[in-house]
Amino acid sequence: MSTELPPEPKESPPAPRPAPPEVWKKGGRLLSVLLAVNVLLLACTLISGGAFNKVAVYDTDVFALLTTMLLLAMVWILFYLLGTARCPDGVPYRDAHAGPIWLRGGLVLFGICTLVMDVFKTGYYSSFFECQSAIKILYPLTQAVFVIVQTYFLWVSAKDCVHTHLDLTRCGLMFTLTTNLAIWMAAVVDESVHQAHSHSSSHNNTSHTRLALDLERASSAVGGDCSCDTAVCQIFQQGYFYLYPFNIEYSLFASTMLYVMWKNVGRLLASSTPGHSHAPSPVSLFRETFFVGPVLGLMLFVVGLAVFIIYEVQVSGERGRTQQALVTYYSFSIVCLGLMTLVSLSGSVIYRFDRRAMDQHKNPTRTLDVALLMGAALGQYAISYYSIVAVVAGTPRDLLAGLNLAHALLMIAQHTFQNVFIIESLHRGPPSAEPHDTPPKDPCHGLTFANLDALHTLPACPPTPRLVGPSPAGPQEAASVIVAPRSHWRRRCLKDISLFLLLCNIILWIMPAFGARPHFSNTVEVDFYGYSLWAAIVNICLPFGIFYRMHAVSSLLEVYVMS
């Protein structure tokens with residue numbers, strides 16, 4: 001008699017290990033933010049005090065502080081690069097949304113222009129080395145090395161989610177971000193003082209005499225007590241002032257990328273996030289477009305360059321030519337802003353027919369993009385509302401006042417509707433997110449269709465033998481055949497819209513960034529508010545408007561790829 005042994009119980013597969021909880025971030029973030037706020041306030045105090053007030057703070061003190069901050073930031077960046085190279089497990093995750101290629105490419109472009117600016121500035125200060133402090137030559141050289149080191153650091157590490165030395169990494173990233181903001185502020189103040197001093201010199205009025213005297217000392221950053229008489233010195237001086245916009249944009253681009261890295265410190269990411277497993281499609285500038293948007297955008301870009309050149313040539317001449325230049329400038333801006341407003345509205349209407357689901361995943365990069373778009377637009381909003389009040393409440397009722405009023409109103413509308421279009425585009429899922437994963441079945445052949453609209457527009461039993469083939473790829477092929485005609489026109493329209501807005505934002509960035517200041521050439525606001533108050537408003541708010549244009553370009557490029 002044989003006895004059967006009971007079957008051995010099967011071993012159950014081990015339960016998946018839960019992901020380790022994220023490290024509590026509030027303490028390290030609070031410490032790094034407090035460090036950044038204190039350093040930034042110190043830098044703001046010295047920069048503003050040395051530029052505008054008659055206090056014992058000189059440009060050499062500002063340069064000494066900025067040089068020290070640049071050296072400390074470079075020491076930390078080298079520590080970070082060496083630490084992550086020796087500890088590969090310290091960066092277990094990389095955020096696919098952080099540091100896209102067009103943002104890093106723009107950083108490299110602006111970094112190269114900043115290096116050229118540093119060369120010009122070094123040559124300028126070296127032209128009269130005998131009567132200058134050595135720190136004025138050391139600062140641009142240190143900044144050039146910092147730009148090289150930081151650009152390499154952001155190119156290779158922008159996507160990192162660091163999990164080692166969390167508090168030290170957060171403090172280092174915030175300190176580097178603060179350094180970039182301090183450089184940005186120093187460049188904005190220096191450029192604004194230069195613009196105001198040039199305007200006061202060209203308008204030799206008694207009301208501007210006191211301001212010119214106040215700015216005389218502030219312009220020591222341009223040359224101090226030394227005279228720039230040689231042709232080479234003047235070339236260096238004018239050259240680095242024309243390159244200031246690139247330095248300003250470089251600092252802001254680096255600051256945004258550093259902020260995203262700071263948000264990603266200690267962050268845990270899944271190996272594959274739902275809805276984001278698709279491979280990015282290759283970027284081709286005019287791929288799948290109707291060519292209407294790119295062609296119209298290029299036309300406005302070329303016309304805008306011509307208008308900008310005409311404005312720069314005529315605005316410094318006699319009164320009649322200045323008014324003609326302002327009429328030309330405002331007329332072009334009104335046409336461009338009006339078209340951009342209509343196109344942005346059209347894009348928002350197209351999204352009403354878009355079946356893609358909204359992307360609700362956590363994305364620090366997108367959150368920062370939205371915050372920067374909304375925050376930077378406030379600068380242009382403020383200038384526009386001040387202009388509206390000056391025109392409505394002021395005495396002149398001529399053509400120039402009417403164009404100024406229309407320009408201010410359209411500027412507000414264009415920023416509003418473009419922000420709505422960009423933000424809605426950034427929150428849309430990829431093209432593969434259209435709801436045709438579980439489509440309804442055809443009652444005649446059991447085939448699947450991508451959407452109900454396509455089902456209703458087809459006959460009940462399609463006679464085409466291609467739709468009833470037994471091939472396993474038949475349903476997917478049929479779905480793509482039916483989906484393509486309905487979604488293809490929307491995708492093309494959105495690409496045209498994004499390219500058109502992109503080109504328009506570039507030309508609207510070039511004009512104010514390289515010296516177009518109709519705010520001062522047009523005397524409506526100057527007479528209403530007084531030159532000192534109006535100069536303060538423009539010099540504070542206009543840099544945010546300039547940054548808005550370039551940040552909108554990067555966001556629209558992402559919208560183009562996602563469409």
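Modeller: A charge is said to sit over a ring if NZ of Lys or CZ of Arg is within 6 Å of the ring centre and within 35 degrees of the ring normal. The model is a predicted one. With that rule in hand, the place to look is lysine 495, which lies over the face of tyrosine 560 at 4.3 Å from the ring centre.

Both of these residues also turn up around serine 498. The side chain of serine 498 reaches the backbone oxygen of lysine 495 at 2.9 Å. Leaving aside residues up to four places away in sequence, serine 498 touches Leu556, Val559 and Tyr560. So tyrosine 560 has the charge of lysine 495 over its ring, and tyrosine 560 is also one of the residues that serine 498 touches. Serine 498 belongs to helix H14, residues 474–513.

The next stop is aspartate 369, which lies in helix H11, residues 364–393. Apart from residues up to four places away in sequence, aspartate 369 touches Leu426, His551 and Glu558. With histidine 551 there is a polar contact as well, side chain to side chain, at 3.4 Å. Aspartate 369 has a relative accessibility of 11%, and because buried means under 20%, aspartate 369 counts as buried.

Aromatic pairs are the next topic. The search of the whole structure finds 25 of them. In one, the ring centres of tryptophan 184 and phenylalanine 544 are 5.8 Å apart and the planes stand at 70 degrees, so the pair is edge-to-face. Tryptophan 184 is in helix H5 (residues 166–202) and phenylalanine 544 is in helix H17 (residues 531–562), so this pair ties together parts of the chain 360 residues apart in sequence.

A second pair leads back to helix H11. The rings of tyrosine 386 and tyrosine 529 have centres 5.5 Å apart and planes at 80 degrees, so this pair is edge-to-face too. Tyrosine 386 is in helix H11 and tyrosine 529 is in helix H16 (residues 523–529), and the pair links distant parts of the chain, 143 residues apart. Tyrosine 386 counts as partly exposed, at 34% relative accessibility, and tyrosine 529 counts as buried, at 18%.

Elsewhere there is another charge over a ring. The charged end of arginine 104 sits over the ring of tryptophan 155, 4.7 Å from its centre. Aromatic residues also gather in one cluster made of Phe63, Tyr124, Tyr125, Tyr139, Tyr240, Phe241 and Tyr244. Tyr240 and Phe241 are among the buried residues of helix H7, a list that also holds Cys233, Gln237 and Gly239. Helix H7 has 12 residues (231–242), which at 1.5 Å a residue should span 16 Å; the C-alpha atoms at its ends are 17 Å apart, so the two values agree.

Histidine 165 is in the loop between strand E2 (160–161) and H5, and with a relative accessible area of 53% it is exposed. Its phi is near 50 degrees, a positive value in a residue other than glycine. Most residues other than glycine have a negative phi.

As for the whole, the protein chain contains 17 helices and two strands. Of its 563 residues, 52% count as buried. Taking contacts between residues at least 6 apart in sequence, 86% join residues at least 24 apart. The protein chain exposes about 27,200 Å², of which carbon and sulfur atoms supply 67%.

Technical notes:
Residues numbered from 1 in each chain as written. Heavy atoms only, no water. Helix = DSSP H or I, 4+ residues; strand = E, 2+ residues; numbered from the N terminus. Buried < 20%, exposed > 50% of the residue type's maximum accessible area, 1.4 Å probe, protein only. Polar contact = N/O pair within 3.5 Å; in protein donor to acceptor, adjacent residues only side chain to side chain. Contact = heavy atoms within 4.5 Å. Areas by Shrake-Rupley, 256 points an atom, 1.4 Å probe, with all protein chains shown as cover. Phe/Tyr/Trp six-rings, centres within 6.5 Å; stacked < 30°, edge-to-face > 60°. Expected span 1.5 Å × (residues − 1).
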